[in-house]
Structures are given as structure tokens and as C-alpha cells.
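This report is meant for a reader who is meeting the structure for the first time. Please look over the sequence and the model below before reading on.

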Amino acid sequence: MKIVIAPDSFKESLSAKQVCQRIEAGFVQVFPEAEYVHLPLADGGEGTVDVLMQGLDGIMQTTQVMNPQGKTVDAHWALLDEGNTALIEIAAASGLDLVSPQDRDPALATTYGTGELIKEALEKGVNKILLGLGGSATNDGGAGIVQALGGKLLDEQGNEIALGGAALSHLSRIDLSNIYPRCQQVEFVIACDVNNPLVGENGASYIFGAQKGASSKLIVQLDDALNHFAEISSRLTGKDNRTTPGFGAAGGASLGLSLLFDIQIKQGIEMVLDTLNADQVLQGSDLVITGEGQMDNQTLQGKTPFGIAKRATLQGIPVIGIAGSLGKEIDELYNAVDSTFGTVRSPQPLEQVLTEAGDNLTRTARNIAATLKVGAQIFGEK
């Protein structure tokens, strides 16, 4: 029996590789003779660099940049293709896991550090940049990236506005006359993990603001600020991206990037699956196990479990999803995943949930395996 374990990371607790190990540790207690194949995945969010480095010949880089709060962080990225391609993820410099839960504030959080990483890559002479969006602590529409690369965001008095999402409400004019000169000379591909638009009830602020620390009142303010940033940007570019699919990812970072680069947006999971030859890995499998920190109907919007489930279904392979928790709305998930399981054993404080994530995952995997074995015995299957 061949079992492919192909999850994303469990945000803030387990890497995708660790999730694979924990699931196998549970299953092997029941099916010790099975062949287990690990395929740790990412969909453009945090962990994308580490995951893709498994399938690509690259060199890891470390650059000291600004984190979402304006402090210093050592951010990791990679050079591929003999230095011609840079692989960067926004979470490395501007990620949610870089800020403790009590300190999260998307009104002030900035993507400036991601801009510094992009600048470093440009200075190394790359011709192509792959940027994974997802897992950001920010809601600034990529304004920080613009500021880091030499763009000036000015208020009515001609002064540069502050960093962060809330400051965008004071924006009056955008000056790109001094942006880094190589911005227009590189191919820029964004690996996006959601299809949400920039603004509105399905946009960056309303859908993702709360998990980044925004109150209901602040969510409205941030959405208005992004809408204002988009309007000012459209005067400069002639393009209105407020409803463009994918522009809601990473706090609207694609908007700022679109001011600097000729961007291409691709589904992050599809890029990762193709790079890692997932279709070939799946061949001959009896079961695929996938998962992420939380699974709900939002998983169908380009997330890892949905991406790998589609590929498995094409080969007639059943799929089980394991998540740290299951959202309130999951009915549509069953169109893609045969069954889903949450791992949290009881109502607990978030800190305890994160601490126990590994043990909870192993126990749940073991119980799923035991259930499969009992089912086979009941129905007379070997």
C-alpha cells in the first residue's frame, strides 16, 4: 500500500515537513508495512522557499531586513538557475509569525522588508523573481514594497506618509521617478494562494484582517484605505485593480507590486505541484493525505489541500484531509476531499493548541488509520 502525505504547514506550529512526519508516525502504528511518500507542499505562503528548494537546485540566502513592526529580522530567500532567478516569500520578511499575537496591528504593519529583499535580489542581477504571497501580517497594499524600492507616497502637503495600512488614507500622490532602475527589466511572477479581490466584503481587509489583529472598526478603515490607494494608483497606471482576482492576497501586496513591475499572477499551489512533479509522485498511490492549519470552504480558493486533491482525483486516488481545526463552513470541501478531520481535542487557549499541535496530529492520524483498518475488516477488504 502506497500512501502519499502531501500537506501544507500548520501555521505557527509545524512546517509541512514536520506535518508529514507526524502523520506518518500515527499511520505507521496501524499500517507498519505501508510505503509512505512525503510531499511537503506550500501554496505561495510561508514555507514556499523551503518546499521548492526540495525540487530545485538553489542556494539559500539570508538578508537582514525590516520586519512588519519596523524591527530587524534575518530573512531567508533563494537564488536559483545559477543566480538568474530569485525565490522570495513575503512571509520571510513581512510574515504573521514574526509578530506575537498580542502585538499584531495591520494598521501599522509594513511590507517594507519584502521590498528590501526584492532590492537585494535585483542588486545580485537576477532576471526573474518568484514571489510567494501568503502568511503576511500586513494590510498595506504593498505600499511598503514601493517605499523600499524608491517610490514616494505623498500626502497633500508633499510629505511622505508613514508606513502601514492605515496611513494610506492620507495618500494624495505617488511619485515613482526614483524607483530602483532594474524594476522594469525583470520577469516578476507572483505565486498567489487566494483569489480574493483587493477590497469589499471578500477583499483583503474583511477576509484576512481579523487574523492579523484588526478589530471590526479597523477592518472598515483598512478597506477604505486600500480602496483609496487603488484609486490613486489607477490615476497613475490607467488600471483599476480593486476587483482583480488575487489582489486581496497578503494584504493587497499585488497592488503595490503592479506599480513597479509587469507582474504575472499564478496560483501558488499549481506552480509548486508542477515544480515538484507531483503527478508522477502520485502515480500508483492508494491514498493521499493532505491538510493545513485550518480547513474550510476557503480551502477551495487555491489552497494546498484543494490543489493536491484535484491532482489525486484525476488519478482516481481517495483523499483525506487533516487540519488543526475545521471552519464553520466545510460542506463544499467534500466536493474535493473525501473526508476531513480536525485535531484539536477540546476547547483550549491558542498557545496550548500550538504547543500540542504535533501530538494532536499524530493521535488523529493514528485514529484515522485505525478506522480505515476496521472498515476494511467489516467490509471484508484486505
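## Overall picture

A residue counts as buried when its relative accessible area is under 20%, and as exposed when that area is over 50%. In this model, which is predicted, 57% of the 382 residues of the chain count as buried.

The chain has 13 helices and 13 strands, and its C-alpha trace spans about 75 × 45 × 35 Å along the principal axes. A compact globule with 382 residues would have a radius of gyration near 21 Å, and the value for the chain, 21 Å, agrees with this. Among the contacts in the chain with a separation of 6 or more, 73% are between residues 24 or more positions apart.

## The five-stranded sheet

Five strands form an open sheet with parallel pairing, and their order is β2-β1-β11-β12-β13. The edges are taken by β2 (35-38) and β13 (339-342), and because each of these has a single partner strand, one side of each is left without a neighbour in the sheet. On average, neighbouring strands of this sheet are turned by 25° against each other, with direction ignored.

Strand β1, made of residues 2-5, runs parallel to β2 and is joined to it by four bridges. Within this pair, Val4 of the chain stands opposite Val37 in β2.

## Helices on the sheet

Helix α1 (residues 16-27) packs on the sheet, where it touches β1, β2, β11 (287-295) and β12 (319-326), and its direction makes about 165° with that of β2. Helix α13 (residues 357-378), in turn, lies across β11, β12 and β13, and runs at about 145° to β12.

Thr85 is found in strand β5, which covers residues 85-89. With a relative accessible area of 5%, Thr85 is buried, since the cut-off for that word is under 20%. The side chain of Thr85 is joined to that of Asp81 by a polar contact of 2.9 Å. When residues up to four places away in sequence are not counted, Thr85 touches Ala78, Leu79, Leu80, Val126, Lys128 and Leu130.

## Cysteines

A disulfide is a covalent bond between the sulfur atoms of two cysteines. The structure holds zero disulfides.

Note on methods
Residues numbered from 1 in each chain as written. Predicted model: local features only at pLDDT ≥ 70, side-chain atom pairs only at ≥ 80, totals over all residues. Heavy atoms only, no water. Pairing = 2+ DSSP bridges. Helix = DSSP H or I, 4+ residues; strand = E, 2+ residues; numbered from the N terminus. Axes fitted to C-alpha atoms, helices over the stretch in contact; angles between N-to-C directions. Contact = heavy atoms within 4.5 Å. Disulfide = S-S within 2.5 Å. Buried < 20%, exposed > 50% of the residue type's maximum accessible area, 1.4 Å probe, protein only. Polar contact = N/O pair within 3.5 Å; in protein donor to acceptor, adjacent residues only side chain to side chain. Rg over C-alpha atoms; globule rule 2.2 N^0.38 Å.
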